[in-house]
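I opened my notebook to look up how the side chains of this chain meet. Here are my entries.

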Amino acid sequence: MEHKVRIISPEELMPQLPRLLEETENVPLVISGNSMAPFLRHGRDVVYLSKVTRPLKKGDMILYRRLNGSYILHRVCRCGPHGYDLAGDAQLHVEAGIRPEQVLAVVNAVRRKGKLLEKGNFQWEFYERVWLALLPLRPMIFRIYGAMKGWRNKK
């Protein structure tokens, strides 16, 4: 079975998203930006969005809308009475106080490097649990990675 694919801009997609989430379980969205690297890469990977039907929890990837109107895909770091605290996998700082009404969808699967990954997959679990727990150590991890990358390039 061949699927017809049409790529549209976020400005065109987002007004249609609530209707699409009602009509289908998995709304595909090609990753734009680098905030979810190293798990997801700009232009390469696809997330599959679904309607939020359960309470969000730490580690969930969600699509939300900032008060300035921009659409962001990040991971839940904390849930509390003030809302959600979120960070991208490539981020060093947590964005606090995202209100539930700002949340548009939750990611239920990803296509990473052409391979479909869902909850329970090793890579999914690593980024949801281990990488998220390493958030306080990311500045040091990124410095070490940058130094190693620079060292490799000098050879």
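I began with Trp-131, which is buried at 7% relative accessible area. Buried means under 20%, exposed over 50%, and partly exposed in between (1.4 Å probe, protein chains only). Tyr-127 is buried too, at 11%. Both residues lie in helix H3, four residues apart, about one turn of the helix. Helices (H or I, at least four residues) and strands (E, at least two) are DSSP runs, numbered from the N terminus.

I then looked up ring pairs. Rings of Phe, Tyr and Trp (its six-membered ring) pair if their centres lie within 6.5 Å; planes under 30 degrees apart are stacked, over 60 edge-to-face, the rest tilted. I got six aromatic pairs by this rule. Tyr-127 and Trp-131 make an edge-to-face pair, 6.3 Å centre to centre with 70° between the planes.

**Note on the model.** This is a predicted model: local features need pLDDT of at least 70, side-chain atom pairs count only at pLDDT 80 or more, and totals for chains, interfaces and linings use all residues. Residues are numbered from 1 along each chain as its sequence is written, and side-chain values use heavy atoms, with hydrogens and water left out.

I looked for a side-chain nitrogen of Lys or Arg within 4 Å of a carboxyl oxygen of Asp or Glu. The count came to 13 salt bridges. In one of them, Arg-54 meets Asp-60, with the closest N and O atoms 2.9 Å apart. Arg-54 is partly exposed at 38%, whereas Asp-60 is buried at 4%.

Arg-129 is exposed at 53%, but Glu-125 is buried at 18%. Shared partners join Arg-54, Lys-57, Asp-60, Lys-119, Glu-125, Glu-128 and Arg-129 into one network of salt bridges.

Which residues have the most contacts inside the largest nonpolar core? They are Leu-40, Val-47, Leu-49 and Val-110, in a core of 22 residues. A core is a set of buried Ala, Val, Leu, Ile, Met, Phe, Trp, Tyr and Cys residues joined through side-chain atoms within 4.5 Å. Among the elements that give two or more residues to this core are strand E2 (46–50), strand E7 (103–112) and H3. I also found a second, separate core of 10 residues, including Leu-56, Tyr-64, Val-76 and Leu-86.
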